[in-house]
Amino acid sequence: MALKYSRQRQVIFDFLMTRKDHPSAEVVYQNVRQEYPNISLGTVYRNLSLLADMGEIQRLRVGDGIDHFDADTSEHYHFVCSECGCVTDLKMGNIEEILETARKDFGGEIQGHVTYFYGICDKCKTNEPIN
């Protein structure tokens with residue numbers, strides 16, 4: 001059964017397509033509500049979950065207790081700043097050798113992986129006090 005078109009869902013998706021910072025549902029809500037003042041936070045959450053479940057967007061769980069969303073569904077890796085919490089794409093080559101290493105002594109079937117890199121982003125590193 002095809003999913004019924006929703007203008008609100010389309011606006012949420014279109015907003016995510018303009019972002020590279022992997023916003024939370026709250027950030028999506030604050031921005032989408034400028035165009036749709038009557039949209040509820042619950043509607044934004046439901047539509048983000050639906051889009052993620054359908055594979056139209058990625059839901060990122062980076063350990064901060066907040067779901068972040070990414071319209072880029074291609075295979076790529078993310079960096080999470082331990083200072084400001086920003087989540088950004090990493091421009092890097094494929095690291096499929098991780099799968100080979102993981103499969104080496106594992107009897108089951110590994111079908112994929114999610115990898116996050118953590119540290120301090122350029123902005124936070126630049127603002128660090130000099131000792």
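What volume does the largest pocket have? About 320 Å³. The model is predicted: local features need pLDDT of at least 70, side-chain atom pairs count only at pLDDT 80 or more, and totals for chains, interfaces and linings use all residues. Residues are numbered from 1 along each chain as its sequence is written, and side-chain values use heavy atoms, without hydrogens and water.

**View 1. The largest pocket and its centre.** The volume is about 320 Å³. Its lining holds 17 residues; Gln58, Glu75, His76, His113 and Val114 are the closest to the centre. (A pocket is an open set of points on a 1 Å grid over the protein atoms alone, where a 1.4 Å probe fits, with protein on both sides within 12 Å along at least five of seven lines; lining residues have an atom within 4 Å of a point. Volume is the space filled by probe spheres set on the points.)

**View 2. What lines the pocket.** Strand 1 (58-61) and strand 3 (77-81) each give two or more residues. The largest share, 3 residues, belongs to strand 1. (Strands are DSSP runs of E, at least two residues, numbered from the N terminus.) By class, the lining has 5 nonpolar, 9 polar and 3 charged residues. (Asp, Glu, Lys and Arg count as charged; Gly counts as polar.)

**View 3. Strand 3 against strand 4.** The two pair in the antiparallel sense over 4 bridges. His78 has Asp89 of strand 4 as its bridge partner.

Conventions: Pairing = 2+ DSSP bridges.
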